[in-house]
Amino acid sequence: MTENLKPIIKSISPKRASIGAKLTISGDNLTDAFLVRFGARTAEFTEKDGKIIATLPDVGGCSLESALVITPHGSAQSEPFEVVEAKAKEAKISEPIEPNE
């Protein structure tokens, strides 16, 4: 009897993320992944302790997206999560520079 090594995605965290955010994909048989995609876009990723840490690429304005993980034993797709716009960082206003007299 052959052990089933087909990947299974059980969760993706956080449930809301902006472009460039790190997402943790948890599940079974995710080791040896060679491709992680969000929609049509390939993501940079690493594997640690059986989980995948992926950077959310620019998904072209989509508000809901799913992750796809491909391993030598098959592929798995996550439930959709929300892609949100990044919050703008507050700019620091510095004191005006007075010209030298």
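The legends below describe close-up views of a predicted model.

**Figure 1. Overview of the chain and its eleven strands.**
The predicted model shows one chain whose secondary structure comes to zero helices and eleven strands. Read from the N terminus, the order of elements is β-β-β-β-β-β-β-β-β-β-β. The chain has 101 residues, and 27% of them count as buried. Its accessible surface comes to about 7400 Å², and carbon and sulfur atoms make up 50% of that area. Among the contacts with a separation of 6 or more, 49% are between residues 24 or more positions apart.

**Figure 2. The open sheet of three strands, β2-β11-β8.**
Three strands form this open sheet, in the order β2-β11-β8, and their pairing is mixed. Strands β2 (16–17) and β8 (64–65) stand at the edges; each has a single partner strand, so one side of each is left without a neighbour in the sheet. Strand β11 covers residues 81–83 and runs antiparallel to β8, to which two bridges join it. Glu65 has Phe81 in β11 as its bridge partner.

**Figure 3. A salt bridge between Glu82 and Arg16.**
The structure holds two salt bridges, and this view shows the one formed by Glu82 with Arg16. The closest N and O atoms of the pair are 3.7 Å apart. The pair links distant parts of the chain, with Glu82 in strand β11 and Arg16 in strand β2, 66 residues apart. Are the two residues buried, partly exposed or exposed? Glu82 has a relative accessible area of 34% and is partly exposed. Arg16, with a relative accessible area of 53%, is exposed; the cut-off for exposed is over 50%.

**Figure 4. A salt bridge between Asp28 and Lys10.**
In this view the side chains of Asp28 and Lys10 meet in a salt bridge, with an N to O distance of 3.1 Å. Asp28 lies in strand β3 (residues 22–28) and Lys10 in strand β1 (residues 8–13), so the pair ties together parts that are 18 residues apart in sequence. Asp28 counts as partly exposed, at 31% relative accessibility. Lys10 counts as exposed, at 58% relative accessibility.

**Figure 5. The cis peptide bond between Ser13 and Pro14.**
Ser13 and Pro14 are joined by a cis peptide bond, with omega at about 0°.

**Figure 6. The open sheet of four strands, β5-β4-β9-β10.**
Four strands make up this open sheet, in the order β5-β4-β9-β10, and the pairing is antiparallel. Its edge strands are β5 (41–42) and β10 (74–77), each of which pairs on one side only. Strand β4 pairs with strand β9 (residues 67–71) in the antiparallel sense, over four bridges. Phe38 stands opposite Ala67 in β9.

**Figure 7. Positive phi values at Asn29 and Asp32.**
The view shows the loop between β3 and β4 (35–38), in which Asn29 lies. Asp32 also belongs to the loop between β3 and β4. Asn29 has a phi near 60°, a positive value in a residue other than glycine. Asp32 is not a glycine either, and its phi is positive, at about 70°. How exposed are these residues? At 29% relative accessibility, Asn29 counts as partly exposed. Asp32 has a relative accessible area of 53% and is exposed.

**Figure 8. Thr31 and the residues it touches.**
Thr31 has its place in the loop between β3 and β4. Which residues does Thr31 touch, not counting those up to four places away in sequence? They are Glu47, Gly50 and Thr71. Thr31 and Lys51 are 20 residues apart in sequence, while their C-alpha atoms are 7.4 Å apart in space. With a relative accessible area of 35%, Thr31 is partly exposed.

Note on methods. Residues are numbered from 1 along each chain as its sequence is written. This is a predicted model: local features need pLDDT of at least 70, side-chain atom pairs count only at pLDDT 80 or more; totals for chains, interfaces and linings use all residues. Side-chain values use heavy atoms; hydrogens and water are left out. Two strands pair if DSSP finds at least two bridges between them. A salt bridge is a side-chain nitrogen of Lys or Arg within 4 Å of a carboxyl oxygen of Asp or Glu. Buried means under 20% relative accessible area, exposed over 50%, partly exposed in between (1.4 Å probe, protein chains only). Contact means heavy atoms within 4.5 Å. Accessible areas come from the Shrake-Rupley method with a 1.4 Å probe; for residues, only the protein chains shown count as cover.
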